[in-house]
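Please keep the sequence and the three-dimensional view at hand while going through them.

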Amino acid sequence: MTMKLFDSLLSPYAGRVRLAIYAKGLEVEFIMPQTEAAATLPSYTPISKLPTMLHDGHVLPESEVINEYLEDIGTEPSLRPSDPILCARMRLLTRIGDLYIMYPMGELFGQISPVDRDQMKVDEQMVELAKGMSWLDHYLDGTSYAIDNRLTLADCALVPALFFYEQIGPMFGMVAPLKKYPKIEAYFKGIKENPHAARVLKEIDAALQKMMAGG
Ligand SMILES: N[C@@H](CCC(=O)N[C@@H](CS)C(=O)NCC(=O)O)C(=O)O
């Protein structure tokens with residue numbers, strides 16, 4: 001059965017799954033927000049977040065779960081290192097991205113409007129975000145891929161996260177937000193040369209521009 005993905009071009013989590021899908025060249029029906037089909041999502045899962053995948057009668061919420069599933073069913077090329085230590089390192093990088101970068105950024109997204117901003121919360125989350133970024137900088141080596149010299153699930157998670165990091169930093173007064181993290185900066189410059197990563201970045205950027213223009 002064709003895979004279906006409840007998708008959003010603006011979602012970093014959906015972008016993470018599309019990156020894996022593009023790299024594997026999978027045939028997927030993308031269900032975009034504000035369509036009739038999109039409105040059926042809550043009938044599949046109470047989590048009801050984007051992305052959610054439907055495949056072979058199974059409902060798979062959560063971007064990491066979907067990407068690991070795509071690996072487990074044997075889609076090629078594999079985006080997971082076969083060496084257990086490299087694979088553990090890949091998962092460490094994705095968890096740093098999810099828990100210590102995306103989480104504080106999610107909190108900060110709720111504080112973008114200066115009108116009702118809770119400055120104490122902003123300060124706290126900026127500290128947390130800086131910690132997460134410094135941990136990521138520690139574990140990257142500054143080359144174009146997060147691990148294994150090729151595209152892996154770590155890149156799928158980190159590419160959209162770093163896109164939003166670069167956007168959100170200036171909104172809270174950071175100038176050149178990646179400058180403090182030389183290995184992340186070098187990595188993010190290098191990974192943009194990967195055509196699948198570049199495609200997802202272009203899609204997210206276009207969706208963000210459209211949203212900011214009120215579209
Ligand atoms: N942990 C989830 C996060 C997914 C998520 O928060 N998606 C957002 C879009 S970026 C969403 O669907 N939000 C709608 C909601 O929370 O109801 C994942 O990795 O897939």
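1. A residue is counted as near a molecule if its C-beta atom, placed from the backbone, lies within 6 Å of that molecule. The model discussed here is a predicted one. Around the ligand are the residues S8, S11, Y13, K49, L50, P51, E62, S63 and E64. By class, this shell around the ligand divides into three nonpolar, three polar and three charged residues.

2. The next point concerns the division of the chain. The protein chain consists of domain 1, covering 3-72, and domain 2, covering 84-212. The centres of domain 1 and domain 2, taken over C-alpha atoms, are separated by 21 Å.

3. How many residues of domain 1 are in contact with domain 2? Twelve residues of domain 1 touch 20 residues of domain 2. On the side of domain 1 that touches domain 2, the elements that give two or more residues are α1 and α3 (63-72). Of the elements on this side, α1 gives the most, with eight residues. The side of domain 1 that touches domain 2 has seven nonpolar, two polar and three charged residues.

4. Two packed helices are described by the angle between their axes and the distance between the axes. For α1 (residues 12-24) and α8, the angle is about 145 degrees, and the axes are 9 Å apart. The crossing of α1 and α8 is right-handed. From α1, the contact is made by G15, R18, L19, Y22 and A23; from α8, the residues are H196, A197, R199, V200 and I204. By class, the contact of α1 with α8 has six nonpolar, two polar and two charged residues.

5. Leaving aside neighbours within four places in sequence, K192 is in contact with A197, A198 and L201. K192 and H138 are 54 residues apart in sequence, and their C-alpha atoms are 20 Å apart in space.

6. Why is K192 classed as partly exposed? A residue is buried if 20 or more other C-beta atoms lie within 10 Å of its own, and exposed if 12 or fewer do. K192 has 16 other C-beta atoms within 10 Å, and is therefore partly exposed.

How values were computed: Residues are numbered from 1 along each chain as its sequence is written. This is a predicted model: local features need pLDDT of at least 70, side-chain atom pairs count only at pLDDT 80 or more; totals for chains, interfaces and linings use all residues. Two residues are in contact if their C-beta atoms, placed from the backbone, lie within 7 Å. Ala, Val, Leu, Ile, Met, Phe, Trp, Tyr, Cys and Pro count as nonpolar, Asp, Glu, Lys and Arg as charged, and the others, Gly among them, as polar. Axes are lines fitted to C-alpha atoms, for helices over the stretch in contact, and angles run from 0 to 180 degrees between N-to-C directions. Helices (H or I, at least four residues) and strands (E, at least two) are DSSP runs, numbered from the N terminus. A crossing is left-handed if the near helix is turned anticlockwise from the far one by less than a right angle, and right-handed if clockwise. Domain bounds come from an automatic or database domain assignment.
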